[in-house]
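Thanks for coming, everyone. I'll keep this short. Please have a look at the structure.

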Amino acid sequence: MLVIKNIRLETGFNWVNQHVVSTNTEKFDVLIENGQIKDIQKEILVTPEIEVVEGNNQLLLPAMREMHIHIDKTYFGGKWQAPRPITNGIFTRFEEESELLPRQLETASQRAHAVVQHYIKHGHRHIRSHCNVDPYIGTKHIELTKEVLSSYDDQLTYEIVAFPQHGLLRSKVYPLMDRAMQMGATHVGGVDPSTVDKNVDKSLTQIFDLAVKYNKEVDVHLHNRDTLGEYEFNKMADYTRQTGKQGLVTISHAMALGDLEGEPLSQMMANLVSTGIDVTTTIPIGLQRKTMPVLELSKHGVQVSLGHDSLIDHWSPFGSGSTIEKMNTLAERFGVSDEFRLSRIWRYSTNNVTPLNDSGEQVWPLVGDRADCILVDAESSAHAIARKRDITKTILNGQLAYEAAERIEVGE
C-alpha cells in the first residue's frame, strides 16, 4: 500500500456574477492499494507497511495520455541533429528513411526507452506510438516498439499503430502490415491515401480489411487540406460505417478541419460524431498553417486528443513531450484565458477526465479509480496550464514512477 500525504484536490469553483473567478482546493491524503485508489480522507493514519509519498501541499491532477508519437524513429537520447532541408515535400523524408532507418536500428531501442522515460517524467499514463512498417526495416520496428513498451507494463498502458509511412500501396507492404497485426499491433495505420497511395478507395479498403480481419482499430494520418482532405474524411466515415468500426477509428492531424467553415464544417462534425471517429492534433501554429477548431469540435461532440508527433527526429526538432505545454499552446491559440475555460482544457490530455465537472462538482479522484496521477506545483489545473507549472512527481498504477530532484516553490 501507498499513501500520498498532504496533497491538495480541487473541490469546487468560486463564482462571482455567474462567472468562475477561482478554484477551491482542500488538503487530503490519498491511500492506494493494488494500483487503485482505496480511500481519500483529510488525514490517513500511516502504519509501518504503508509507503509514504509526501505531497508537499501540491495539487494532485489526473495523469495524461500521449496519443500520437513515433518512439521507433527518433534522435532523442542521442546527439543533437537538426532535420535536413526538404526539397521534395514529404517524399524527401521517405527517401531519407531508406538509408536512415536501417542505420538507426542499433540505437532504436535505447532511444525509444529514453522517449518513454521522458513521457513518464512529464506525467503520462498512456502512449499511442505509430511504428514504421516499410520495405527497408520490415516489421523490425513493431518488434522493438512492443518490446520497449511492454517493459513498462506495470506503469503505462499503450497502443501500437502499424504505420506504412511510405504508403500502403506505394511501398507494397500489405503482407508486412498483415504480419504486424499478427505480432500484436493494436491499430492499422495509413497515410494520405490520395497523395501518397494515389488511390483512396483501394488504400482504405486494404486498411479496413486488415482491421476487420484481425479485429483491430484504425488510425490514419490525413494531412491533405481543403476539399481534398474533406473528401478523404468522408471516405473514412463511409468505410467506418461499412465495416462496423464506429468508435474505433482515429484521424490523425486532420488538417482540412482547419480549412472548413460554416455548413461544410457543421456537416463534417455531424459525420464524425455519427461514426464515432475521433481526431488527434499537435495544435500546429505558424507557417501559415491553420489549426483545427478544437473548441468548436468539442462543443459538437467530436472527441479531440493531443499528441506531439515527435520529440526530435529527422522530421522535426521541436517536440517537448510536455502535454501541459501543449495545452498551454491550445489555450493561447484559441484565446482561452479565464479560470473556468482553462480548467476545461485538461480534458484534452486525459480522455475527458477533469477534477471538477462543468458545474464545479468534484468527479476525480474517486475510490476505485486506477491510481494514475501527478503532483503539480500549481494552485489549480487552470494555473498549471496557463503558467506551464512543473510536475514534481508521477504516480502510475499506484507506484511512484518519477520524482523531481528538487521541489520548486509555487511562485507564479
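Predicted model: local features only at pLDDT ≥ 70, side-chain atom pairs only at ≥ 80, totals over all residues.

Is D178 buried or exposed? Its relative accessibility is 10%, so D178 counts as buried, the cut-off being under 20%. The D178 side chain has polar partners. Another polar contact, of 2.8 Å, joins D178 to the side chain of K213. Leaving out residues up to four places away in sequence, D178 touches L210, K213 and Y214.

Next, helix α2, residues 140-150. Its buried residues are H141, I142, L144, T145, V148 and L149. What do they pack against? They pack against α1, β7, β8 and α3.

Now the sheet. It is open, has 8 strands, and runs in the order β6-β7-β8-β9-β10-β11-β12-β13, with parallel pairing. At the edges are β6 (64-69) and β13 (304-306), each pairing on one side only. From one strand to the next, the twist averages 25°. Look at the β13 end. Strand β12, residues 278-281, pairs with β13 in the parallel sense over 3 bridges. There, T281 stands opposite L306. Over at β6 and β7, helix α1 lies across both strands, running at about 175° to β7.

Last topic: salt bridges. How many does a search of the whole structure find? The count is 17. One of them joins E26 and K42, with the closest N and O atoms 2.6 Å apart. E26 lies in strand β2 and K42 in the loop between β3 and β4, so this pair ties together parts that are 16 residues apart in sequence. E26 counts as partly exposed, at 33% relative accessibility. K42 is partly exposed as well, at 49%.

Next pair: E97 and K73, whose side chains meet in a salt bridge at 2.7 Å, N to O.

Methods
Residues numbered from 1 in each chain as written. Heavy atoms only, no water. Buried < 20%, exposed > 50% of the residue type's maximum accessible area, 1.4 Å probe, protein only. Helix = DSSP H or I, 4+ residues; strand = E, 2+ residues; numbered from the N terminus. Contact = heavy atoms within 4.5 Å. Pairing = 2+ DSSP bridges. Axes fitted to C-alpha atoms, helices over the stretch in contact; angles between N-to-C directions. Polar contact = N/O pair within 3.5 Å; in protein donor to acceptor, adjacent residues only side chain to side chain. Salt bridge = Lys/Arg side-chain N within 4 Å of Asp/Glu carboxyl O.
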